[in-house]
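Trainee: I should like to take a close look at a single part of this structure. Please guide me through it step by step.

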Amino acid sequence: MNTQTNTSTGAASGAFMAGKARQWLSFIFGVLLMAAGSLYAQTPTPEMPPMKPELEARLKKLETELRCLVCQNQTLADSPAGLAGDLRREIRLLAESGKNNEEIKEHLKARYGDFVLYKPPVESKTWLLWFGPFVLLLAGAIITWRVTRRTGATTAAAPAISDDERRRASKLLDE
Amino acid sequence: MSETRNNNLARAWRFALPLAIFFGLVWFMWKGLSLNPRDLPSALLNKPVPAFSLPQLHDNTKMLTGADMKGKVWLLNVWGSWCVSCRYEHPVLNALARKGVVPIVGFNWKDKPEDAKGWLVKFGDPYAFSVSDLEGRVAIDLGVYGAPETFIIDKAGMIRYKHTGPISEELMNETLVPLIQSLSKA
C-alpha cells in the first residue's frame with residue numbers, strides 16, 4: 001500500500017525530483033563555500049593586561065548600557081562577537097585615558113549613532129516609543145472601565161424572570 | 001429623533017475606531033516587514049572622514065593617511081578575507097575599477113595580511129591602495145560594524161554616502177557611479 005503510493009508519486013514527478021536534486025546540490029555547495037570561508041579568520045582583539053577590579057566593575061556596568069552592533073539584541077557585555085571585543089577594548093582605552101562614562105558614550109555615539117546606546121534617549125522623536133505603551137495602557141483601562149460599568153448597570157437592571165419563562169428556559173437546556 | 005441619530009453615530013464610532021486602530025497596526029507591521037534592521041543611518045554621513053594613518057597592505061613600511069586622498073573623490077571599501085559576503089561583492093568592485101571613474105581604497109579589516117594578499121591574487125585586486133587595520137581601531141572611528149561596508153568621500157574629505165552590505169551591480173550603476181560623477185564635477 002505504502003510502496004504503491006511512493007512509486008506512483010515518484011513516477012509522476014521526475015521534474016520535481018530534478019528540482020530537489022538541484023536544491024541539494026546548491027545547499028552542499030553553499031556549505032562548502034562557508035567552510036572555505038572559515039579557513040580565513042578575523043584577527044583576534046589584542047590581549048590586554050588585567051585591569052584594576054574597580055575599573056573592571058565600572059566598565060562591566062557601562063558595557064550593559066551599550067549595544068553590540070553585530071548581534072543587535074545583545075549588550076556589549078554579553079556579546080562574543082569580534083567587534084564587541086574591539087569595542088570593549090576601545091572603551092577600556094578611553095577609560096584609561098581619563099574619560100568618564102558620559103564622554104565614552106558620546107565618543108561611541110559620534111561614530112555609531114544613537115543605536116549604540118542600548119537604552120534609546122528620551123527625545124521628541126522617541127516619545128512614541130517611550131510613552132506609547134503607557135498611552136495604550138491608559139486607553140485600555142478607560143475602555144475596560146466603561147464596558148464593565150455598562151454591563152454592570154444592565155445586569156443590575158435585568159428584570160426577574162417569570163416562572164413561565166424559567167420553565168421554558170430549563171426545557172430548552174434539557175434538550 | 002435626535003437620539004436615534006446619536007445612537008447611529010455611537011454605533012458608527014464603535015465600528016470605525018477599532019477598524020482605524022486595526023489598519024494603523026497593519027500599516028506599522030507592514031512597514032516593519034520592509035525595514036532592514038542592518039541598514040542603520042551612519043552617524044558620519046556629511047561629516048569629515050576621521051583622520052587615520054594606516055600601513056599599506058603590500059608594503060607595511062608605507063603609510064596611507066586620509067590627507068593623501070584630499071582633492072579626489074574616492075571610495076573606501078571595508079573588507080576581510082574572512083568575510084563571505086565580500087567575496088560575493090568582489091566582482092562588482094572589479095567591474096567598478098575597470099570603469100576607472102574612482103580610485104578604490106581597500107580597507108582590510110582585522111585580517112591577516114598574508115590571507116588578504118592571497119585573496120587579492122585569487123579574486124583580483126580592484127584597489128588603488130590597500131591598507132590594513134589589524135587592531136580594528138580605525139574601523140571603530142569609521143563606525144564600521146560589519147563587512148563589507150562602502151563609503152564615498154568627496155574632494156573636501158567629507159563622507160557623502162555609506163552602504164552596509166555587498167554592493168550589487170544595480171547599486172553600482174544606478175547610485176554609486178552617478179553620485180561619483182556628480183561629486184567629481186563639483
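Which residues does B:G136 touch, not counting residues up to four places away in sequence?

Mentor: Please bear in mind that this is a predicted model. Leaving aside residues up to four places away in sequence, B:G136 touches A:D86, B:W109 and B:K110. In chain B, this glycine is found in the loop between β5 (129-133) and α4 (137-141). B:G136 counts as buried because 23 other C-beta atoms lie within 10 Å, and the cut-off for a buried residue is 20 or more. One of its contacts, B:W109, is 27 residues away in sequence, yet the two C-alpha atoms are 6.4 Å apart in space.

The contact A:D86 belongs to chain A, and α4 of that chain comprises residues 82-96. Together with α3 (53-63) of chain A and α4 of chain B, this helix is included in what covers the buried residues of α5(A).

Helix α5 of chain A comprises residues 101-112. The buried residues of α5(A) are A:I104, A:L108, A:R111 and A:Y112. These residues cover an arc of only 80° around the axis, and therefore lie on the same side of α5(A). An α-helix has 3.6 residues a turn, so residues three or four places apart point the same way. The face turned away from the buried side of α5(A) carries the exposed residues A:E102 and A:E106. After α5(A) comes A:G113, which has a positive phi, near 80°.

Key: Residues numbered from 1 in each chain as written. Chains lettered and ligands numbered in written order. Predicted model: local features only at pLDDT ≥ 70, side-chain atom pairs only at ≥ 80, totals over all residues. Helix = DSSP H or I, 4+ residues; strand = E, 2+ residues; numbered from the N terminus. Buried ≥ 20, exposed ≤ 12 C-beta atoms within 10 Å, placed from the backbone. Contact = placed C-beta atoms within 7 Å. Expected span 1.5 Å × (residues − 1). Arc of directions from axis to C-beta.
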